[in-house]
Amino acid sequence: MKIDLTETTASKINKALVEGRRAVGTPAIGMVLTLVIVTDEENAYDALKAANEASREHPSRTLVVIKRVSRSPRDRAKARLDAEVRVGTDAGTGETVVLRLYGEAIDHAQSVVLPLLLPDAPVVVWWAVNAPLSPAKDPLGALAQRRVTDAYASEQPIQELSARAETYTPGDTDLSWTRITPWRSMLAAALDQAPCTVTSAEVEGEEFNPSCELLAMWLASRLNVPVTRKVSAGPGLTAVRMESSSGTIVLDRPDGSLATLSMRNQPDRAVALKRRETSELLAEELRRLDPDDIYAAALKYGVDRLGHQGDGKPAEKTSEEPAAADNASAKPAAKKAPAKKAAAK
Amino acid sequence: MTGSHGANPLRDAADRRLPRIAGPSGLVIFGVTGDLSRKKLMPAVYDLANRGLLPPGFSLVGFARREWENEDFAQEVYEAVKQHARTPFREEVWQQLVQGCRFVQGNFDDDEAFETLKETIQELDKAQGTGGNFAFYLSVPPKFFPKVVQQLKKHGLADQKEDSWRRAVIEKPFGHNLESAQELNRIVHEVFPPNEVFRIDHYLGKETVQNILALRFANTMFEPLWNRSYVDHVQITMAEDIGIGGRAGYYDGIGAARDVIQNHLLQLLALTAMEEPASFEADALVAEKTKVLGAVRLPKDLGKETVRAQYAEGWQGGEQAVGYLQEEGIDPKSKTDTYAAIKLSIDNRRWAGVPFYLRTGKRLGRRVTEIAVVFQRAPHSPFDHTATEELGQNALVIRVQPDEGVTVRFGSKVPGTSMEVRDVSMDFAYGESFTESSPEAYERLILDVLLGDANLFPRLEEVEQSWRILDPIEEYWDKHGKPAQYPAGTWGPIEADEMLARDGRSWRRP
């Protein structure tokens, strides 16, 4: 059911939530988190749809914060809050409140959100568009354990990555990182199969897709080798090549769904690597709410240190100043590689 | 295996987004045309592939008598997946899977067929890169186990090479008494080393069963109460609403106790009653489970503290049901139990004097499996007798299936009255807090087989221990009396109610 409230307050919304639950006959349900979606009117529908689908896996109270643009100076000065409360079948498996903020209220969204958070349960903020420069310092972001941005949705995705690296705070994460989990797991599986030392790598994908940069930086930070970024027509990521002590390992996905894994002395194998829907990305993002240190390490590696094919700039040799922790973890790992065979026996 | 990941620089324990993907491997299913294979195994393989948990090049080999080509088999898998898979069908996942689908036609005593199987496996190693790692799933009646296992040995299919593995997966029943279980174990272990034999008890793959461990050992609020000082008794129930259906041949002579108590219920008992394991490694778990199973004691008077029964004609959920003895293919004089209830005690400091009541049956009120830990009454109540008249005993109920979750029952004041305390329940439902994400038990178990993770599989020792518990009861039943009768669709025979009434207790209505 839906309850519309105009010129309202958080306490009236809370009351409407309780009424709505009573009316549909579920006085209390086991919601596991509060998801706050910050968006504009244009993207609200898609974001909410994705969140409702993700709520099948993570029943949540979803608060959609829409900052409305007012036309006249008088409207801009006047603060107003409208809300739409949805419970039951209209709201996936949880509850949804769509909050529309006008005028000065726009700058005080946290005052509306704070009283509506579920007690004790973790809070996740997702900026579908227009993420703040420093998510953790944003008044809404400060309420959350987990702050999800999406560099892909910004105007200048690659610069956005550098900005994210500068303001990174544990708990930050980005959907363009979530998008590459299947690639990362397949590349890790490839190295499980053929223990070897990787000497260099190349990531190929469409321009302005920050996932390619993140994957390249992840490889560079983990393997401690030069990684080159190559531009292709897409869709999305199209290939990863790793030169190693036992030949080239190629994971190639020209069509955005079925990939081929090729390794020396092994037959080519088909791997399903479909590009995922936003709802699936969000569901993965909500699965763990602790800081993602691996993302932090990849992000902080720095976009500038990646090599670019074609522009004559070689991939930077690492080793002078990568984060000390990376050095410590990657190098002994490389040395351990031969020992692994013995262990497997 | 987890150990080999240590050397991979792309893996990190902190990187919890990366799933555990099985290494290069394949699965050979014997009896692939059977129901289990179509309804559970093939869909589980697809669901694993869909979740990205199978290695590239994963191969599925079917072995059966049917005269099929690879394409027919692929078609069969396709239909099974379309119909029964949990996750949505996606063409590219199917494309990945179908490349590794093979079928071998033959009987279990057909040497030629096993040679073909061997060639198929070698061909897959070349074409799909399975690296010689194969699990053999014996989805066949137990009488064929020795034959298949011997054939695998004879044709060198079970040989463990230095850098690859061969595993055997077997389904219950693991024998029908201690002696036959030992015999079966001997046959299987002659060919496969003990750590490469995986016994499937699909109950252990269920999320709720694994949750028993989380509930007990990850929380502080339950464990202090989990002993004889607070617990009055424990009831473990597995009820089915169906009859024996078309399984007359298998069921008659086996019965409910062997079919369910020996494996599922004793495993649930072990998980409920065991001490905290040193770690969640398979060895540590099995040590605690065998310890507690070893401490299980049978009641002195088996005639009074155990009940077996057969369902008689009746109405079950609005449908008329025939009695067990009238079922097609059942000897009208059969003494096989379709209902069994037993009382066990555990001789250790934690549980001394706390009875564990186990019951299972077919054609009972509804399909449900649950563990109920019933607590003692408060030693003193400041309220009047009339105020607490409607108050029962506190209970914690772990609902294993369906509607998985945990219920806590306790007393609460009824609003408006002067002072009246009544039972209420506080409920945690999996469906509410983690909807849809629960993988099927078989998915988890197949993945664990491929990963070589033996945590969720009963070991040889546990199987033998459970037969040691059940054998004396079965022997007693053989020699004394005959099964009681209960109308189909009810909660079992009167004798079972009387058995608890003698202790001053009663069965929960689940």
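## Chain A overview

Chain A holds 11 helices and 15 strands. Helices (H or I, at least four residues) and strands (E, at least two) are DSSP runs, numbered from the N terminus. This is a predicted model: local features need pLDDT of at least 70, side-chain atom pairs count only at pLDDT 80 or more, and totals for chains, interfaces and linings use all residues. Residues are numbered from 1 along each chain as its sequence is written, while chains are lettered from A and ligands numbered from 1 in the order in which they are written.

Of the 345 residues of chain A, 44% count as buried. Buried means that 20 or more other C-beta atoms, placed from the backbone, lie within 10 Å of the residue's own. Among contacts in chain A with a separation of 6 or more, 73% join residues 24 or more positions apart. A contact requires C-beta atoms, placed from the backbone, within 7 Å.

## Helix α9 of chain A

Helix α9 of chain A spans residues 278-287. Its buried residues are A:T278, A:L281, A:L282, A:A283, A:E285 and A:L286. They pack against β2 (33-39), α2 (41-54), β6 (123-127), β7 (146-149), β8 (172-174) and α6 (175-178) of chain A.

## The sheet of chain B

In chain B, 6 strands form an open parallel sheet, ordered β3-β2-β1-β4-β5-β6. Strands β3 (101-105) and β6 (197-200) of chain B stand at the edges with a single partner each, so one side of each has no neighbour in the sheet. The twist averages 20° from one strand to the next. Angles run from 0 to 180 degrees between N-to-C directions, with axes fitted to C-alpha atoms.

Strands pair if DSSP finds at least two bridges between them. β4 (residues 134-138) and β5 (residues 166-171) of chain B pair in the parallel sense over 5 bridges. B:F136 stands opposite B:A168 in β5(B).

## Annotated span

The unreviewed UniProt entry annotates residues 28-211 of chain B as "domain: Glucose-6-phosphate dehydrogenase NAD-binding". Such annotations may be inferred rather than shown by experiment. The span is 46% helix and 16% strand, and its end C-alpha atoms lie 30 Å apart.

## Nonpolar cores

A nonpolar core is a set of buried Ala, Val, Leu, Ile, Met, Phe, Trp, Tyr and Cys residues joined through C-beta atoms within 7 Å. The largest has 176 residues. Those with the most contacts inside it include A:L215, B:F136 and B:L138. Helix α9 (residues 255-273) of chain B gives the most to this core, with 11 residues. Apart from it lies another core, of 42 residues, including A:I66 and A:V97.

Methods
Buried ≥ 20, exposed ≤ 12 C-beta atoms within 10 Å, placed from the backbone. Contact = placed C-beta atoms within 7 Å.
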